[in-house]
Amino acid sequence: MNPPTEANPTWMDMSRDVELALALAQGRPTGPAADEVRKRLRIYLRLLVDPAEEYAKHLADSRARDIATATVGHARGLLRDQHGDPAAILRLLAKSVSWLMRYVFQTQRQRSTGHSPHTGPAQATPAPPA
């Protein structure tokens, strides 16, 4: 299996790397393999952060909008921060990618169904395809 590149990661690639990062974070996540996973997670964050921010800006519920906006802001902060406990950074990157994937997936789902994404009662957000 070829590692994903910045131009072509799939939902499956991102999901696998999130799971891998969380598993690596249980031990001592240092060395080339862990560094590569951190690098890929940062690539995913860069790809997801702008669409996730658009999703957050347009949420009708102010509490949900505040939470989503803070989550996106935290992800942006992780892109700037390169130092810290390797296990904690891996967990934070993985969780951020996971949340941003949900936001972007919800936006794509709403576009494909023609449903206005930002009006009406809140609906449960399904996880992106695994």
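In the predicted model, Lys57 is partly exposed, with a relative accessibility of 48%. Its salt-bridge partner is Glu54, and the closest N and O atoms of the two are 3.6 Å apart. Glu54 is likewise partly exposed, at 37% relative accessible area. Both residues belong to helix H2 and are separated by about one helical turn, because they lie three residues apart.

The whole structure contains six salt bridges. Within helix H2, Glu36 and Arg40 are four residues apart, about one turn of the helix, and their side chains form a salt bridge with an N to O distance of 3.8 Å. Glu36 is partly exposed at 33% relative accessibility, whereas Arg40, at 10%, counts as buried. Through salt bridges with shared partners, Asp17, Glu36 and Arg40 are joined into one network.

A further salt bridge connects the side chains of Glu53 and Arg76 at 2.9 Å, N to O. Glu53 is in helix H2 and Arg76 in helix H3, so this pair ties together parts 23 residues apart in sequence.

The largest nonpolar core comprises 32 residues, of which Met14, Leu41, Tyr44, Leu45, Leu48, Val97 and Leu100 touch the most other members. At least two residues of this core come from each of helices H1 (11-24), H2 (32-57), H3 (62-80) and H4 (86-113). Helix H4 gives the most, with eleven residues. Apart from neighbours within four places in sequence, Met14 is in contact with Pro9, Tyr44, Leu48, Val97 and Met101.

Technical notes: Residues numbered from 1 in each chain as written. Predicted model: local features only at pLDDT ≥ 70, side-chain atom pairs only at ≥ 80, totals over all residues. Heavy atoms only, no water. Core = buried A, V, L, I, M, F, W, Y, C linked by side-chain atoms within 4.5 Å. Buried < 20%, exposed > 50% of the residue type's maximum accessible area, 1.4 Å probe, protein only. Contact = heavy atoms within 4.5 Å. Salt bridge = Lys/Arg side-chain N within 4 Å of Asp/Glu carboxyl O.
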